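Here is a note for a colleague who is starting to read protein structures. Please keep the picture open while going through the numbered points.

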Amino acid sequence: MESSGDTAPLHSSPTPTSPPAMATGTAVVMSPCAACKILRRRCVDRCVLAPYFPPTDPHKFATAHRVFGASNIIKLLQDLPEEQRADAVSSMVYEAAARARDPVYGSAGAICQLQRQVDGLKAQLARAQAELAAARAHHAHLVALLCVEVATAAATPPQDAYCSGGGGSQSQLAAPPGVGSAPADALYVVDGSAAGGGGIMQAGHVGWADEPLWT
């Protein structure tokens with residue numbers, strides 16, 4: 001006689017399985033997120049803060065929460081399309097960090113400082129371009145002067161030909177014919193005995209030492 005307990009099938013009790021990781025869009029986020037952990041609340045399914053404030057970076061949400069507050073962050077993210085939320089979170093974190101460094105001006109102070117640096121660099125660039133243009137103009141002027149001097153030197157004959165060829169004629173014109181090399185105290189006297197009564201100038205030797213200066 002067989003026992004009914006031998007033929008009864010054995011059923012194993014189902015083991016509880018861990019819930020899968022919550023996926024929002026393309027990002028897989030572990031629960032709870034840094035925002036819900038700091039706020040000490042339960043991270044619900046499809047938490048609007050979970051994709052942008054992971055639990056590995058709690059300082060990111062703490063910085064934004066200190067300036068904007070959790071409710072404002074949640075409201076802003078809910079009003080934006082999903083593809084713009086990551087940029088909005090980055091902007092809020094940057095603004096909050098700048099506000100922590102400069103409570104008066106925040107990111108506007110950093111932007112003004114960068115703008116002043118850009119203006120100074122633009123002024124330096126303009127001065128450098130002006131100096132470069134002046135240097136180029138000066139170089140072009142020097143090249144033009146050099147070309148003019150080279151052209152003038154090529155067109156002008158050498159001066160040695162004039163000096164060598166015209167030396168004899170100039171010496172002949174300087175000395176009257178027949179006189180030759182007269183002494184330094186030779187004077188021209190007028191001969192009145194010539195025909196016609198016209199005085200003819202003839203070269204004669206009259207020394208200042210031989211003739212008195214007055215009579």
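1. A crossing of two helices is called left-handed if the near helix is turned anticlockwise from the far one by less than a right angle, and right-handed if clockwise. Helices here are DSSP runs of H or I with at least four residues, strands are runs of E with at least two, and both are numbered from the N terminus. With these terms in hand, one can say that helix 4 passes helix 5 in a right-handed crossing, whereas helix 3 passes helix 5 in a left-handed crossing.

2. Before going further, please note that this is a predicted model, in which local features need pLDDT of at least 70 and side-chain atom pairs count only at pLDDT 80 or more, while totals for chains, interfaces and linings use all residues. Residues are numbered from 1 along each chain as its sequence is written, and side-chain values use heavy atoms, with hydrogens and water left out.

3. The chain as a whole has eight helices and four strands, and along the sequence these follow the pattern α-β-β-α-α-α-α-α-α-α-β-β. Of the 215 residues in the chain, 15% are buried, where buried means under 20% relative accessible area, exposed means over 50%, and partly exposed lies in between (1.4 Å probe, protein chains only). A contact means heavy atoms within 4.5 Å; among contacts between residues at least 6 apart in sequence, 32% join residues at least 24 apart.

4. How do helix 4 and helix 5 pack? Two packed helices are described by the angle between their axes and the distance between the axes. Axes are lines fitted to C-alpha atoms, for helices over the stretch in contact, and angles run from 0 to 180 degrees between N-to-C directions. The axes of helix 4 (residues 70–79) and helix 5 come within 9 Å and cross at roughly 150°, and that makes helix 4 roughly antiparallel to helix 5. Angles under 35 degrees count as roughly parallel, over 145 as roughly antiparallel, 65 to 115 as roughly perpendicular and the rest as oblique.

5. On the side of helix 4, the contact with helix 5 is made by I73, L76, L77 and Q78, and on the side of helix 5 by R85, V89 and M92. By class, the residues of this contact are five nonpolar, one polar and one charged; here Ala, Val, Leu, Ile, Met, Phe, Trp, Tyr, Cys and Pro count as nonpolar, Asp, Glu, Lys and Arg as charged, and the others, Gly among them, as polar. In the loop between helix 4 and helix 5 lies L80, which is partly exposed with a relative accessible area of 23% and which, leaving aside neighbours within four places in sequence, is in contact with R85 and A88.

6. Helix 3 (residues 58–67) and helix 5 (residues 85–101) pack at an angle of about 70°, with their axes 8 Å apart, and they are therefore roughly perpendicular to each other. Helix 3 contributes K60, T63, A64 and V67 to the contact, while helix 5 contributes V89, V93, A96, A97 and R99. These residues divide into six nonpolar, one polar and two charged.

7. Is V93 buried or exposed? V93, which is in helix 5, is buried because its relative accessible area is 19%. Not counting residues up to four places away in sequence, V93 touches K60, T63 and A64. V93 and H59 are 34 residues apart in sequence and 9.8 Å apart in space, C-alpha to C-alpha.

8. S107 is buried, with a relative accessible area of 12%, and touches Y94, E95 and A98, not counting residues up to four places away in sequence.

9. Most residues other than glycine have a negative phi, and most peptide bonds are trans. Phi of R40, however, is near 60°, a positive value, and phi of R46 is near 55°, also positive. R40 is in the loop between helix 2 (34–39) and helix 3, and R46 is in the loop between helix 2 and helix 3. R40 counts as exposed at 78% relative accessibility, and R46 counts as exposed at 56%.

10. Finally, an unreviewed UniProt entry lists residues 111–138 as "coiled-coil region". UniProt positions are given in the numbering used here, feature names are shortened, and annotations may be inferred rather than shown by experiment. In the model, the span 111–138 is 100% helix and 0% strand, and its end C-alpha atoms lie 41 Å apart.
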